[in-house]
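Here is a short report on one structure.

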Amino acid sequence: MSGNIDHLISPDEQAAMRRPIGQARTLPRQAFISRDVYNLETERIYSRHWVAAVFTYDAENPGDVKKFDVCGMPFIAVRGTDKTLRTFHNICPYDGCPVVLESNKAMEKLVVPYHGWEYSLDGKLVAMPYWNGHEDCTADALAPGEGDLKQVKSVVWQGLLFINLSDNAEPFNDYIQPVINLLEEYDLEKLEIARDQEGMPFLTEDTIDTNWKTYCENACLNVLHESFTHRMYNESPDVPRVVGDGNRTFQPVHDGALVGFSYNHAELTDTYPELPCPPLSRTDKPSPKSGYFLTLYPNLYLVVMPNIIEIGIALPDGPGKTIEMRGYYCHKSAANDPALVEAFDEFAEMFEEAAREDNAITEAIQKARRSPVCAQQYFSPFWDQPHYNFTRLVLDDLTPCD
């Protein structure tokens with residue numbers, strides 16, 4: 001696409017977004033409803049950055065194949081016989097057919113359902129039955145590597161698969177480092193996903209009828225909405241997060257692609273229930289004091305509390321739909337404790353209730369953005385610095401310097 005997006009977001013709208021927060025305006029309504037803007041985001045955001053794509057807990061054994069999409073592009077994650085999880089475009093080079101149509105377990109090879117090409121678990125073409133008229137035609141009939149699956153750069157972190165489609169991918173360690181730096185009180189090596197009575201991980205997945213940016217702006221960036229949208233915050237004396245003569249009890253966070261806010265967890269003891277499992281602190285250190293609501297741009301979000309962390313993914317599925325996936329993590333010594341299953345259920349239900357309330361609002365906003373009256377909204381300098389920072393990240397990607 002052309003480097004100039006003035007036909008999608010006008011120069012005046014762009015200028016308004018770049019003003020200081022007190023005079024700035026948000027992304028315009030077409031950025032949330034336009035198929036052309038969505039296509040541009042696929043090219044300039046989701047094809048250039050590290051993207052949280054899918055949880056990997058159902059692809060732990062050799063031969064496990066996990067099918068997933070990112071912005072309509074099909075991929076597979078395949079656990080090889082060497083136990084390495086590799087990611088490929090789910091496309092056969094010959095016929096353009098997906099290599100697999102469904103996720104599967106304990107596969108010995110991958111067989112394309114259209115013309116029968118066969119692949120090893122490491123993506124190498126093995127056989128092309130009848131390609132040259134002979135049933136036993138092998139990959140030798142093509143140039144070396146010509147028919148192999150196209151591999152995608154990928155990394156697994158905390159049970160999440162991240163992919164990067166760029167030819168000049170930022171090192172993943174550099175991408176994730178702002179999270180590591182900010183959560184220095186937390187020992188992330190002790191983090192493990194909580195499991196239910198059947199030993200299955202506490203994971204949820206929903207489809208929300210709203211744009212991915214609306215979802216992200218609300219999920220871990222919007223502070224003021226809490227007491228108006230959510231029952232549990234409305235009932236809490238700790239919220240809104242302001243005391244005395246307009247002193248806020250939260251602090252905006254911004255480090256590169258990491259945006260959100262922090263707070264002193266001890267100041268919200270009447271809001272969040274106590275989960276009876278060990279704190280996620282480092283050895284011989286006290287329980288972490290700070291909690292966080294964070295978004296690692298473009299689509300990873302974290303709700304961080306001293307003894308539990310919700311890690312989530314928000315994937316675009318067109319301009320008006322978002323696929324949301326969430327997992328609940330705790331200290332590894334408690335992750336498989338049957339005695340804590342009920343407590344995890346209650347905690348997860350608290351998050352689920354909040355999600356239902358958020359989803360109702362963000363879906364309503366998505367519908368409202370079809371109105372010409374819903375042009376560009378405002379930022380509150382007191383509350384909305386995280387939202388403002390996120391908006392600037394999006395705008396910078398959509399309007400690269402020539």
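## Two cis prolines

Pro298 sits in the loop between strand E16 (290–296) and strand E17 (300–305). Strands (E, at least two residues) and helices (H or I, at least four) are DSSP runs, numbered from the N terminus. A cis bond also links Val239 to Pro240, where omega is near 5°. Pro240 lies in the loop between helix H7 (231–234) and strand E12 (242–243). Most peptide bonds are trans.

This is a predicted model: local features need pLDDT of at least 70, side-chain atom pairs count only at pLDDT 80 or more, and totals for chains, interfaces and linings use all residues. Residues are numbered from 1 along each chain as its sequence is written, and side-chain values use heavy atoms, with hydrogens and water left out.

Most residues other than glycine have a negative phi. Lys83 has a positive one, near 70°. Lys83 belongs to the loop between strand E3 (73–79) and strand E4 (85–89). Its relative accessible area is 61%, so Lys83 counts as exposed. Exposed means over 50% relative accessible area, buried under 20%, and partly exposed in between (1.4 Å probe, protein chains only).

Ala106 is not a glycine either, yet its phi is positive, about 50°. Ala106 is placed in the loop between E4 and strand E5 (110–111). Ala106 is exposed too, with a relative accessible area of 57%.

## Cysteines without partners

How many disulfides does the structure hold? The count is zero. A disulfide is a pair of cysteine sulfur atoms within 2.5 Å. Cys220 is in none, and the nearest cysteine sulfur, that of Cys216, is 8.6 Å away. Cys220 is buried, at 1% relative accessible area.

Cys330 is buried, with 0% relative accessibility.

## A covered helix

Helix H5 spans residues 212–219 and is mostly covered. Seven of its eight residues are buried. They are Trp212, Lys213, Thr214, Tyr215, Cys216, Glu217 and Asn218.

Asn211 makes a contact at the start of H5. One of its side-chain oxygens comes within 2.9 Å of the backbone nitrogen of Lys213.

Methods:
A polar contact is a pair of N or O atoms within 3.5 Å; within protein, one must be able to donate a hydrogen and the other to accept it, and residues adjacent in sequence count only if both atoms are side-chain atoms.
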